[in-house]
Amino acid sequence: MLGILFRSLSSVMQRMIDPNDFVVLQDRFFASFNTVDPTLLGIAALATALASIPAWRSRHELDVLALGRDSAIALGINYRSRITRLLLVIALLVSVSTALVGPVAFFGLLVANLAYALIRSHRHILILPAAILLAILFLVGGQLMLERVFAFDTALAIIVEFLGGIVFIILLVRGSVR
């Protein structure tokens, strides 16, 4: 939904402002893996490391949380507190990635579902490293393909959003069939 919002705002702005100013604005609205601010890299690495530590330590609790609210509470997990902490970690990680490259819709959905499909397990000790490696592979491989095959004619974020949208539709259709 945010991708659609940014595209709509982009379309409105394109009609209202000078074309030269619009090019600058468009670079801000869409994710760009080529224009990462180097001054933010250290802060982003520190924030990512600090957020990843509690996420990795709670990997066993994530398995219990995946069983559902009632089961997690019955097994001794403080459900509300744990979910709140995990959402804060997720918000921090998403804000770091958005600050570095801009909004990339569907990337997490795409990587997480592919990790679940490849690993065929719901144990987070296996899923988390697989998802991290897949994310790195997609970003580096996608950027390499754009540089060598497409000669930068398109943005990686557009390809990720396209593939992520297709996966999202497939998940919706499969969910309605079940």
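I take a nonpolar core to be a set of buried Ala, Val, Leu, Ile, Met, Phe, Trp, Tyr and Cys residues joined through side-chain atoms within 4.5 Å. Buried means under 20% relative accessible area, exposed over 50%, and partly exposed in between (1.4 Å probe, protein chains only).

**Ground rules.** I am reading a predicted model, where local features need pLDDT of at least 70, side-chain atom pairs count only at pLDDT 80 or more, and totals for chains, interfaces and linings use all residues. Residues are numbered from 1 along each chain as its sequence is written, and side-chain values use heavy atoms, with hydrogens and water left out.

**Fold.** I counted nine helices and zero strands in the chain. Helices (H or I, at least four residues) and strands (E, at least two) are DSSP runs, numbered from the N terminus. Of the 178 residues, 25% are buried. I then looked up contacts, meaning heavy atoms within 4.5 Å. Among those with a separation of 6 or more, 60% join residues 24 or more positions apart.

**Main core.** Which residues make up the largest nonpolar core? I found eleven: F107, V111, A115, I127, A130, A131, L134, A135, L146, L156 and V160. Helix 8 gives the largest share, six residues. Neighbours within four places in sequence aside, F107 is in contact with A135, F138, L139 and V160.

**Second core.** I also found a separate core of six residues, including L65, A72, I77 and L86. In soluble globular proteins, nonpolar side chains tend to be buried together.

**Helix 3.** I checked the length of helix 3 (residues 38-57). Which residues of helix 3 are buried? They are A44, A47, A51 and A55. Their cover includes helix 4 (59-65), helix 6 (79-101) and helix 8. An α-helix has 3.6 residues a turn, so residues three or four places apart point the same way.

**Surface.** I read the accessible surface of the chain as about 12300 Å², with 69% belonging to carbon and sulfur atoms. Such areas come from the Shrake-Rupley method with a 1.4 Å probe; for residues, only the protein chains shown count as cover. V173 lies in helix 9. V173 is partly exposed, with a relative accessible area of 47%.
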